[in-house]
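Biologist: I am new to this structure. Could you show it and then take me through it?
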Amino acid sequence: MSGREAILGRLKRRLAREGDLEAARAGEVMRRLEEAPAGIVPARGQLPDRERVALFERMAEAVQASVEHVPRMADVPKAIAAQLRERNLPAAVRIGADESLAAMPWEKAAPMEVRHGPSDGKDLAAVSHALAGIAETGTLVLASGADNPTTLNFLPDLHVIVIEAADIDGDMEAVLARIRAKFGKGLMPRALNMVAGPSRSADIEQTLILGAHGPRALHVVIVDG
Amino acid sequence: MQMRSPRFRENAREALDNAQLQRALTNVETNFVGKRQAATDALPEFEALRDKARDIKNHTLEHLDLYLEAYEKKVSEAGGHVHWAETAEDARNIILRICRQANAKTVTKGKSIVSEEIGLNEHLSANGIQPVETDLGEYIIQLRGEAPSHIIAPAVHVNKSEVETEFRRAHTHLDPNRNLDEPTTLLNEARAILRQKYFDAEVGITGANFLIAETGSSVIVTNEGNGDLTQTLGKVHIVLATLEKVTPTLEDVSQILRVLARSATGQDTSVYTTFSTGPRRPGDPDGPEEYHVVLLDNGRSSMLGGDYQDMLRCIRCGACMNHCPVYHAIGGHAYGWVYPGPMGAVLTPSLTSIDQAGHLPNASTFCGRCESVCPMRIPLPKMMRHWREREFERHLQPASTRFGLGLWAFFARRPALYRAATGLMIRTLGLAGRRRGRFAAMPLASGWTKYRDLPAPEGRTFQQMWAERKDAA
């Protein structure tokens, strides 16, 4: 007998009910998977637009991300160039195939080298476009794929995440609704990364140090327009 | 790993005498407790979320077979493979087979306590595959050849200078005169070395905090990002998880995530919460080419429907040990296996046997702090008491303990005799201890007085005082 049959057999012997009750059990499970009922959603994130973005900013800064606002997408490259100068990093970024990022006037930030595709581990800075933000915890949500390759989220020293203010939701449940709308019910991108602040460790004598294995710094650019 | 729980008493004595360990343990109490309190105080819905989290897991356990089947179907649809492992040995063999098929020489690992439970590293090493732990704490203890002493802070027992010693011993290609005084320098050294390992490894193995039936996703929460590099850069990603990790929907996971990080480290959320669903897709420029899930039973299915089913709600946050006076005193290694503290005291006898782990449920003062902070509201003290009863029924305790309890039971069943005997004893002890208020030694009580004084009674028993108060009222 295979491991699968043995394990499921044991579980069923302990859980299965007679006739109708067993059918009811299956119905209950199907219903929950279909309806995915929301639980308790904290009041913290239930705010009007402006306050919600302000909460997102406050929570992101509380977990050591830096945050700035720009009026329009077209202003992003110059803001990123300024960040790289301030951090003494070379004027070079890695981006994926994301349309919004590709359409930006990178020439305005010259001399800036823009590399495309996944990271090979040699990039010092990368730029991603977030699918959504969660104000409740200052979290950014990124989906894998050619547009925003997952390696960009973890390999560079500086990770810049661009997010439009309208994509900042109050809570995780609102983001889950967005994901279902984009990918379909019961479907997910290969990797969905929720990121709150730069990488860190407290494994040596409980001393908190930033930059454990992932980015040493996380910079968030909120596009207000 | 080798089971050292039967010699718990000796382990505990050695831990109490270990000055370095005692210094390190003060970090547990001072850091974790205050941070958890601050994080939970800041979320008014926290207590209601605990109820919700408990209800979600209870519901899932009642239908565990059906949710596992639904989960398996979704994993397959996403192009992943589910492997069912009844025992630790089955899981080790399945993982070794996948590694061999990938021609793996090096395997990176995100933190997985279940992999400690099945002794995976030893098995891979013995078969010529080098396992590399990438979580900083796990990396440190792997170099030291030790087991974790805490489920979320595996190297909490190690101090900075010991890490330095270990790094100088292991990283011999680096300048022996380099300065390693600061924790930051130590971290940067480990970061540089492990960065290369992620690229070298053919296979990355992680655990899972959740498996989602609705989508076929596995979820890991980390702060370092090591789990993500492990599972993104290898050709093959293997997820090792136990049956009870399955959770119905994304919304259900959201509920439990809100109590997990707050209970564990006092964070509102971990830095990285990653949902992985199947292997690399057409057009994907990165991610693993194969995605495997090894679903391990190893004793869980036998806990279902029994006295210890509630333990299957555990989400491994570590809050119970962070708040345990016994853990604070002796640390995690004394418990002698993978799972320390109150959760270990319940889980270890369930997964091994009460004959081997009988001391663990006795290592409790029943102060109840573990249950009061458990995000899943697991009745840990009640279950430890169950184990004590079983141990007593099976005559596993020493003759002297059984004789003492038998003597007490003789008197307890005869209330008049009990009152007379205790009244006389308390009066006598009260008189004898009148001057100093305590005893430094006492016949038959050396087990107590060897380590601390026994306070002298004040002349009357509780029952006498109770009766007086009732009369006065």
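Modeller: We shall go through the chain contacts, a sheet, a helix and some single positions.
This is a predicted model, in which local features need pLDDT of at least 70 and side-chain atom pairs count only at pLDDT 80 or more, while totals for chains, interfaces and linings use all residues. Residues are numbered from 1 along each chain as its sequence is written, and chains are lettered from A and ligands numbered from 1 in the order in which they are written.

Biologist: How many residues of chain A are in contact with chain B?
Modeller: On the chain A side there are 60, and they are in contact with 74 residues of chain B. Two residues are in contact if their C-beta atoms, placed from the backbone, lie within 7 Å.

Biologist: Which element of chain A gives the most to that side?
Modeller: That is α1(A), with ten residues. Helices here are DSSP runs of H or I with at least four residues, strands are runs of E with at least two, and both are numbered from the N terminus.

Biologist: How do the residues on that side of chain A divide?
Modeller: They comprise 29 nonpolar, 20 polar and eleven charged residues. Ala, Val, Leu, Ile, Met, Phe, Trp, Tyr, Cys and Pro count as nonpolar, Asp, Glu, Lys and Arg as charged, and the others, Gly among them, as polar.

Biologist: In which sense do β9(A) and β9(B) pair, parallel or antiparallel?
Modeller: They pair in the antiparallel sense, over five bridges. Leu192(A), for instance, has Phe275(B) as its bridge partner in β9(B). Strands count as paired if DSSP finds at least two bridges between them.

Biologist: Turning to chain B, what is the strand order in its open sheet?
Modeller: The six strands run in the order β1-β10-β7-β4-β2-β3, with parallel pairing. At the edges are β1 (81–85) and β3 (130–133) of chain B, each pairing on one side only. Within this sheet, β2 (residues 106–109) and β4 (residues 203–206) of chain B share three bridges, and Lys109(B) has Ile205(B) as its bridge partner in β4(B).

Biologist: Which strands does α5(B) lie across?
Modeller: Helix α5 (residues 88–101) of chain B lies across β1, β2, β4, β7 and β10 of chain B, and runs at about 170° to β10(B). Axes are lines fitted to C-alpha atoms, for helices over the stretch in contact, and angles run from 0 to 180 degrees between N-to-C directions.

Biologist: Which residues of α9(B) are buried?
Modeller: They are Val163(B), Glu166(B) and Phe167(B). Buried means that 20 or more other C-beta atoms lie within 10 Å of the residue's own, exposed means 12 or fewer, and partly exposed is in between, with C-beta atoms placed from the backbone.
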